[in-house]
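Dear colleague,

Please find the structure below, together with its sequence.

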Amino acid sequence: SNPLPAVGGKDEESIDEIRYNAMSTYASQNRAVTLEDYIARVYSLPAKFGSVAKAFVAQNDLVNAQFNPGDGTMVTDSSTFGYSNPLAIDLYVLAYDKDKKLQPATVTVKENLQTYLSQYRILTDAINIRDALVCNIGIEFEVVPRLNYNGKATILRCIEALKDYFAIDKWQIYQPIIITEVMNYLDQVEGVQMIPSFEIINKVSVSSGYSGNIYDIEAATHKNVIYPSQDPMIWEIKYPDIDIRGKVVGL
């Protein structure tokens with residue numbers, strides 16, 4: 001019997017993942033020189049050794065500071081699998097659990113990844129493999145439906161549109177949330193006349209299954225863009241069916 005949940009598996013790639021990975025792999029030419037080359041190699045890890053869902057590479061001295069915009073804080077385990085080397089690069093990874101939710105990769109997956117990357121890295125390079133942060137979010141919004149459109153049906157279409165927009169396949173570590181882009185996406189939903197209110201909320205309850213990472217979204221928002229923390233992190237709507245809530249309002 002295995003008392004621990006399975007982590008690091010993966011279904012077949014989505015169309016967006018294939019497009020993203022193919023472009024990176026073509027440029028890498030079977031060696032790892034640039035940061036993008038390392039990303040391509042991570043995503044080509046043979047399935048029998050495990051699977052990495054999300055990866056981000058940075059120079060070691062760029063992301064060591066534990067700093068977040070505003071007053072928000074995010075706490076992470078500082079343990080690192082890799083080398084102590086001032087010339088090292090930091091590789092931040094996450095894996096999927098059985099429900100395709102983001103989780104830290106297991107030690108076994110990290111060990112396999114370290115061995116696999118050693119075939120491609122430059123001799124002077126050293127790689128520190130770390131866990132990226134996950135910031136769980138929810139969305140609350142209001143909709144003014146068009147004349148002769150059913151309000152509940154319009155809300156449901158908006159929720160499905162948001163599920164599609166925030167599908168984890170389409171998001172990468174360090175990607176910001178552009179509010180105006182999300183609003184434009186909702187404006188195209190059938191029956192929507194106006195979105196008078198739209199709010200993204202940090203979901204932190206560990207007992208409810210969230211990561212527990214606290215982030216001051218309001219302080220991190222500038223000109224309708226919500227920026228991620230300096231420590232590599234990714235946004236995730238963990239439970240779309242309950243974390244996305246809409247309400248019909250009138251003009």
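Phe166 and Trp171 are both buried, where buried means under 20% relative accessible area, exposed means over 50% and partly exposed lies in between (1.4 Å probe, protein chains only). Please note that this is a predicted model, in which local features need pLDDT of at least 70 and side-chain atom pairs count only at pLDDT 80 or more, while totals for chains, interfaces and linings use all residues. Residues are numbered from 1 along each chain as its sequence is written, and side-chain values use heavy atoms, with hydrogens and water left out.

Aromatic pairs. Rings of Phe, Tyr and Trp (its six-membered ring) pair if their centres lie within 6.5 Å; planes under 30 degrees apart count as stacked, over 60 as edge-to-face and the rest as tilted. The count by this rule is 7 aromatic pairs. One of them is the stacked pair of Phe166 and Trp171, with 5.3 Å centre to centre and 5 degrees between the planes. Another, Tyr215 with Trp235, is edge-to-face, at 5.7 Å and 65 degrees. This second pair links distant parts of the chain, 20 residues apart: Tyr215 is in the loop between β8 (192-202) and β9 (221-222), and Trp235 is in strand β11 (residues 233-236). Helices (H or I, at least four residues) and strands (E, at least two) are DSSP runs, numbered from the N terminus. Both Tyr215 and Trp235 are buried. Tyr165, Phe166, Trp171 and Tyr185 make up one aromatic cluster.

Nonpolar cores. A nonpolar core is a set of buried Ala, Val, Leu, Ile, Met, Phe, Trp, Tyr and Cys residues joined through side-chain atoms within 4.5 Å. The largest has 43 residues, and Phe141, Phe166, Ile177, Phe198 and Ile200 have the most contacts inside it. Strand β6 (133-145) is among the elements that give two or more residues to this core, and its 7 residues are the largest share. Leaving aside neighbours within four places in sequence, Ile200 is in contact (heavy atoms within 4.5 Å) with residues including Ile137, Phe166, Ile177 and Ile226. A second, separate core of 20 residues includes Val42, Tyr43, Leu45 and Val52.

Helix α2. Helix α2 (residues 35-43) is largely enclosed by the rest of the structure, because 7 of its 9 residues are buried. Asp37 and Arg41 are among these buried residues.

Strand β12. Lys247 lies in strand β12 (residues 244-248) and counts as partly exposed because its relative accessibility is 47%.

Yours sincerely
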